[in-house]
Amino acid sequence: MSSTLLQPTSQPAVSPSRPAVARTAGRRRIRREWLWALFFLGPNLFLFLSFTLFPMLFGFGVSFFRWTIIEPPVFVGLGNYSHFFFGDPQTPQIVRNSLVYTLGALPASVLLPLGLAVLLNSGIRGTGFFRGVYFLPLVTSGVAAAIIFKWIYAKQAGPLNQLVGVFGIPRQDWLFDEVLVLPALILTAIWHRIPLNIIFYLAALQGVDRTLYEAARIDGANRWQQFQYVTWPMVTPTTFFVLIITTIALLVGAFDQIRVMTDGGPLNASNVLVFNIWRTAFVNFQMGYASAMAYILFLVVLAFTAVQWIMQKRWVHY
Amino acid sequence: MAATTAPAALARPSVARRVPWATIGIYAALIFGAFFMVMPFLYMISMSLKPQNQVFLYPPRWIPNPIVWANYPTAAVRLTLLAFLNSVLFTAIVVIGQGLITTMGGFAFARLKFPGRNVIFLGYLGTMMIPFVVTMIPTFVIVARLGWQDTYQGLIVPIMAHGAFGTFLFRQFFMTIPEEIGDAATVDGANPLDIYWRIYLPLSKPAMTAYGVITALSAWNMYLWPLIVIQSKELRPLTLVIAQFASQMNAELHILMACVTLSLLPIFILYLIGQRFFVEGVTMSGIKG
């Protein structure tokens with residue numbers, strides 16, 4: 001390791017009278033650094049190209065073919081895309097379900113964590129205990145949560161029916177009712193999403209300058225006014241960040257829950273885009289059509305991100 | 001002192017009247033919220049300890065009588081040790097393998113000079129937002145072409161390969177380590193591998209913990225990819241097994257819930273031990289969602 005042969009970098013300083021040697025050494029040094037870069041980045045880059053970049057391009061290509069995997073692919077141009085927008089009778093319902101699910105879960109998934117984070121940040125005793133409790137769904141798998149909630153919603157002996165029974169509402173078959181199934185899934189999604197967003201808000205609240213609250217108190221602001229005029233403006237950047245990632249997570253992350261709880265039913269009433277992509281590809285083996293839908297979903301995700309970024313510039317108070 | 005006591009004494013009654021109400025309100029709200037958050041777990045545990053004949057009782061009896069601990073051994077046998085080991089193996093290899101390639105890649109991006117460095121890094125950044133559903137179908141086709149369908153390598157390698165986020169995280173962290181430390185080691189005859197292994201890795205424990213926690217969590221809880229790639233019973237991780245049980249064991253809800261509890265237990269224990277690390281890891285990983 002101490003061999004000077006391996007360390008020509010320290011040599012040029014010793015021999016300033018020979019610039020040619022220095023230049024060769026410098027070039028060799030760059031070449032060697034390049035080899036080291038290949039060593040360090042090689043495995044990473046290889047896997048990145050094989051399982052991220054190549055699939056991205058390959059999937060885009062597949063979306064222009066009709067392909068069942070068993071038979072050879074047939075080029076159909078934009079056929080899969082036009083089928084989704086104009087041909088497939090399922091499309092309106094799937095789009096509507098995705099919108100209802102995402103937009104239905106979004107407000108509570110953002111506002112409840114904000115409120116809870118403010119309470120958890122108020123410095124009262126027992127905060128550690130409450131945090132521990134509130135964060136539990138974070139480490140719970142989507143599958144486990146889905147199984148538990150599936151039975152909470154059960155018609156015969158489900159606790160939800162026990163709860164609504166207190167208010168005189170008759171027993172419902174939540175997951176087998178075309179009207180109730182999406183609200184039931186939304187409730188589970190909110191429950192599962194709350195901890196993560198609390199954590200983001202807690203991090204933001206801890207960054208708010210304490211003196212702002214003192215100034216507000218001196219001006220006679222009550223707790224609500226402190227929230228309205230200090231906390232809310234100060235966490236607006238976080239709110240937009242949380243809005244963006246929660247929207248995306250709801251759009252693409254609904255799969256585990258829906259597969260376990262309803263399998264898209266009853267009668268497609270809970271079939272959202274991400275679930276339909278899986279079903280089209282791996283139950284119906286329409287790889288081309290599923291790929292086209294995956295790219296449409298990808299564009300929707302990008303569009304949501306873009307819209308919220310633009311709104312962020314207009315609304316955020318820094 | 002004496003001068004300030006008088007107004008303070010005057011102000012005290014109103015404060016004393018107001019503060020408890022606010023505190024009581026906060027506690028009430030927090031307890032109400034906590035009830036909503038833990039109720040599903042209480043239901044799960046309550047159900048998992050019931051005797052068969054009380055499972056479908058209405059109204060549900062929340063405290064089972066008698067408590068049937070024997071449901072747990074039954075559930076453990078159904079789950080099989082193999083499913084548990086599959087989850088452990090999958091999680092461990094993904095965390096360690098991906099940890100190695102992402103720390104190495106992050107080191108290259110942060111500290112080595114090579115042509116195209118910034119362009120390649122931007123490529124990584126650009127793909128971080130891509131949801132897995134977009135690459136899932138072509139990835140399956142690749143795995144099938146490699147003959148890796150229904151194998152451990154088919155399950156593990158494509159997930160291990162999703163290193164864009166980790167590479168970004170470690171690159172950012174390594175950038176905060178002063179370059180002079182590496183330069184000094186170079187003068188002393190250390191090569192980049194020494195610098196990476198003996199200086200950068202030991203200095204990046206916070207980043208490694210954050211990365212480890214979120215990667216382990218997402219691997220342990222992963223369902224979609226195993227569902228696509230695994231068919232054999234012997235290769236299934238826990239999520240796949242309990243999801244399958246959920247559609248088969250309708251008559252044995254108590255055993256099903258014991259299975260779900262057991263599948264959650266390892267990560268819950270880790271969470272209770274290192275809650276701080278989970279929270280920090282998740283905060284750092286905000287971008288991953």
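Q: How are H7(A) and H9(A) oriented, roughly parallel or roughly antiparallel to each other?
A: In this predicted model, the axes of helix H7 (residues 181-206) and helix H9 (residues 223-252) of chain A come within 10 Å and cross at roughly 155 degrees. Angles over 145 degrees count as roughly antiparallel. H7(A) and H9(A) are therefore roughly antiparallel.

Q: Is the crossing of H7(A) past H9(A) left-handed or right-handed?
A: Two packed helices are described by the angle and the distance between their axes. For the way H7(A) passes H9(A), the crossing is right-handed.

Q: How many nonpolar residues does the contact of H7(A) with H9(A) have?
A: H7(A) contributes A:Ala189, A:Arg193, A:Asn197, A:Phe200, A:Tyr201, A:Ala204 and A:Leu205. They meet A:Val235, A:Thr238, A:Phe241, A:Val242, A:Thr246, A:Ala249 and A:Leu250 in H9(A). By class, three residues of this contact are polar, one is charged and 10 are nonpolar.

Q: How many helices does chain B have?
A: The pattern along the sequence of chain B is α-α-α-α-α-α-α-α-α-α-α-α-α-α. Chain B has zero strands, and its helices number 14.

Q: What radius of gyration does chain B have?
A: The C-alpha atoms of chain B fill a box of roughly 80 × 70 × 35 Å along the principal axes. A compact globule of 289 residues would have a radius of gyration near 19 Å, whereas chain B has 26 Å.

Q: What percentage of the residues of chain B count as buried?
A: Among contacts in chain B with a separation of 6 or more, 75% are between residues 24 or more positions apart. Of the 289 residues of chain B, the share that counts as buried is 42%.

Definitions and conventions. Residues numbered from 1 in each chain as written. Chains lettered and ligands numbered in written order. Predicted model: local features only at pLDDT ≥ 70, side-chain atom pairs only at ≥ 80, totals over all residues. Axes fitted to C-alpha atoms, helices over the stretch in contact; angles between N-to-C directions. Helix = DSSP H or I, 4+ residues; strand = E, 2+ residues; numbered from the N terminus. Parallel < 35°, antiparallel > 145°, perpendicular 65-115°, else oblique. Left-handed = near helix turned anticlockwise from the far one by under 90°. Contact = placed C-beta atoms within 7 Å. Nonpolar A, V, L, I, M, F, W, Y, C, P; charged D, E, K, R; others polar. Rg over C-alpha atoms; globule rule 2.2 N^0.38 Å. Buried ≥ 20, exposed ≤ 12 C-beta atoms within 10 Å, placed from the backbone.
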